[in-house]
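My notes follow in the order in which I checked things.

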Amino acid sequence: MDEYIDIVTKAGKPTGQNALKSEIHSKGHYHNTAHIWLYTDSGKILLQQRAKTKTICPLLWDVSVAGHIDAGETLTSGAVREIQEEIGLTVSEDELHKIGVFECFQTYANGIVDNEFHNTFIAELKVDFTHLRPQEEEVEALKLVTFEDFKALLEHSETNNHFIASNRPYYEFVLESIKKML
């Protein structure tokens, strides 16, 4: 979907301008995304396998929910919308706990120049896993993994083709942040 997205500066400050997502990625404009990591009170993390049709990192496992913040949208309202769209779960903005903003500036072989600020939230998954409804265009599969399994998968991320290996420090930070919430 080619929605309008607000453009920010390299320092993450609003410019007052926006552009279509396709232009954002072809011209490398800096922009915001929301990453939401969901966890259970029993010490499991929800992972999403990226759809096989995704242009970047198809079929790799990653954050529970992620997406672009639409033009005019707040970070938290965008996060809530993405959760509803991608996995059919309704949460309130109050349930989101922001743990940081992470720069992800990358250029891909397919021509995408992705200059994103990942506004990262964690929230407790309070419904049974079977109630989640993955969005077919975005999500290939969902699974819950224990903290121990998450860590083991990270330790071998350079060779197991599970996670995006270059994101390992980010994943480790997220895991530690979730542990602090429990």
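Entry 1, a charged pair in a helix. I began with K27, which forms a salt bridge with E23; the closest N and O atoms are 3.8 Å apart. The model is a predicted one, and I read the distance with that in mind. I then looked up where the two residues sit. Both K27 and E23 belong to helix α1 (residues 21-27), with a spacing of four residues, about one turn of the helix. I checked accessibility next. K27 is exposed, at a relative accessible area of 57%, whereas E23 is partly exposed at 30%.

I ran the search over the whole structure and it returned 10 salt bridges. I followed up those around R81.

The side chains of D70 and R81 meet in a salt bridge, at 3.6 Å from N to O. This pair links distant parts of the chain: D70 is in the loop between β6 (65-68) and α2 (75-87), R81 is in helix α2, and 11 residues separate them.

Entry 4, E85 and R81. I found that R81 also forms a salt bridge with E85, where the closest N and O atoms are 3.2 Å apart. E85 and R81 are both in helix α2, four residues apart, about one turn of the helix. E85 is partly exposed, with a relative accessible area of 38%. I then traced the shared partners: salt bridges join D70, E73, R81, E82 and E85 into one network.

How many disulfides does a search of the whole structure find? The search gives zero. I looked at C57 in particular: C57 is in no disulfide, and the nearest cysteine sulfur, that of C104, is 8.9 Å away. I also checked from the other side. The closest cysteine sulfur to that of C104 is in C57, and at 8.9 Å the distance is too far for a bond. The cut-off I applied is 2.5 Å between the sulfur atoms. For accessibility, C57 is partly exposed at 23%, and C104 is buried at 13%.

I turned to strand β8 (residues 113-124) and looked up how covered it is. Strand β8 is mostly covered, with 10 of its 12 residues buried. I then listed two of its pairings. Strand β3 (residues 30-39) pairs with β8 in the parallel sense, over 10 bridges. One residue I looked up there is H35, whose bridge partner in β8 is T120. Strand β7 (residues 97-107) is joined to β8 by 10 bridges, and these two strands run antiparallel. I looked up Q106 too, and its bridge partner in β8 is D114.

What do β7 and β8 form? They form a hairpin with five residues between them.

Notes: Residues numbered from 1 in each chain as written. Predicted model: local features only at pLDDT ≥ 70, side-chain atom pairs only at ≥ 80, totals over all residues. Heavy atoms only, no water. Buried < 20%, exposed > 50% of the residue type's maximum accessible area, 1.4 Å probe, protein only. Pairing = 2+ DSSP bridges.
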